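Trainee: Please take me through the salt bridges here. I would like a close look at each pair and its surroundings.

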Amino acid sequence: MLTASLFFSWINKGQAQQPNHIRWDVAAKLPALPDGTPQPGVAGAFTGVHNNALLLAGGANFPDGMPWAGGAKAYRSEVYVMRGDTVTAFPLGKRIAYGASASIADGLVCIGGENEAGPLAQTFLLQWQGSQGRVVAKDLPPLPFPLTNATAAAIGSTVYVAGGENADRVSDAFLAIDLSAPNPYWKSLAAIPKALSHSVMVAQSDGSKMKLYLIGGRARTVSGITELCSQAWSYDPAGNQWSPIAPIRRYRRGYRRQLYPRYRWRQRKHLPQHRNPQRTNRPFRRR
């Protein structure tokens, strides 16, 4: 599990001699839990920005010990609001983690996720009302089916959700909702090229128009082996069409090491640049 007990900020120095230099700094720490115990960090939280505040909502952790030591997972019900170097906690009113989120002008859209009962279809909007010093949650139309570990991005007031999983399967669904519409609803678009969860999706201009980029992910299988994916695609909203782009590649001298949370290390010798580009999935077995 990837835990985050710190907010991070990055600074692009912009120096002529180091045009791509990025430095990560600790901007703030999450405050202690309501009972006064130190915050161990959370995984799978909703994150985004509204009204110049960074919001981090929900998530999960193991406050009584790591899972391999018998600790039980706890789903969190706090919202942390960061303004400057100050972080304040507010109640979320629900325990939830591993959902997708995207920031729009009206707030942070939180989609799906899961709790102790399993995957969820609910969606809601979080807003930071700075003048009143409070966080407000507003219900939005639910997804057509429950999804956890999906990914989301927004172009304007339209929010897109790709992939994810539920108790039945890994999803190749691609959904969108226009929250500026009088009666917004989720509609199905062209399916993503491969059923995946835990992917990354971002909205970015290609120089002429806005597109979505779906990168990597993983897919559980009936054998118990999870396949990791290094493929990537772009999506053109105007044509409702996916197109493959260059896959994720990372080469190092000597051995190539791959790590995924709760999965075993594997090491492979350096692979040449002319290797088969179709061999992008790496199976890992759960411990």
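Mentor: Start with the term. A salt bridge is a side-chain nitrogen of Lys or Arg within 4 Å of a carboxyl oxygen of Asp or Glu. Side chains of opposite charge can pair when their charged atoms come close. This is a predicted model, where local features need pLDDT of at least 70, side-chain atom pairs count only at pLDDT 80 or more, and totals for chains, interfaces and linings use all residues. Residues are numbered from 1 along each chain as its sequence is written, and side-chain values use heavy atoms, with hydrogens and water left out.

The whole structure holds five salt bridges. Take Lys 211 and Asp 206, one of these pairs. Their side chains meet at 3.4 Å, N to O. Lys 211 is buried (under 20% relative accessible area; exposed is over 50%, partly exposed in between, with a 1.4 Å probe and protein chains only). Its value is 17%. Asp 206 has 36%, so Asp 206 counts as partly exposed.

Now look at Arg 220 and Glu 165. Their closest N and O atoms are 2.6 Å apart. This pair links distant parts of the chain, 55 residues apart. Arg 220 sits in strand S20, residues 210–220. Strands (E, at least two residues) are DSSP runs, numbered from the N terminus. Glu 165 lies in the loop between strand S16 (158–162) and strand S17 (174–178). Arg 220 is partly exposed because its relative accessibility is 34%. Glu 165 has a relative accessible area of 11%, so Glu 165 is buried.

Finish with Arg 76 and Glu 78. They form a salt bridge, with the closest N and O atoms 3.1 Å apart. Both residues, Arg 76 and Glu 78, are buried.

Terms used: Helix = DSSP H or I, 4+ residues; strand = E, 2+ residues; numbered from the N terminus.
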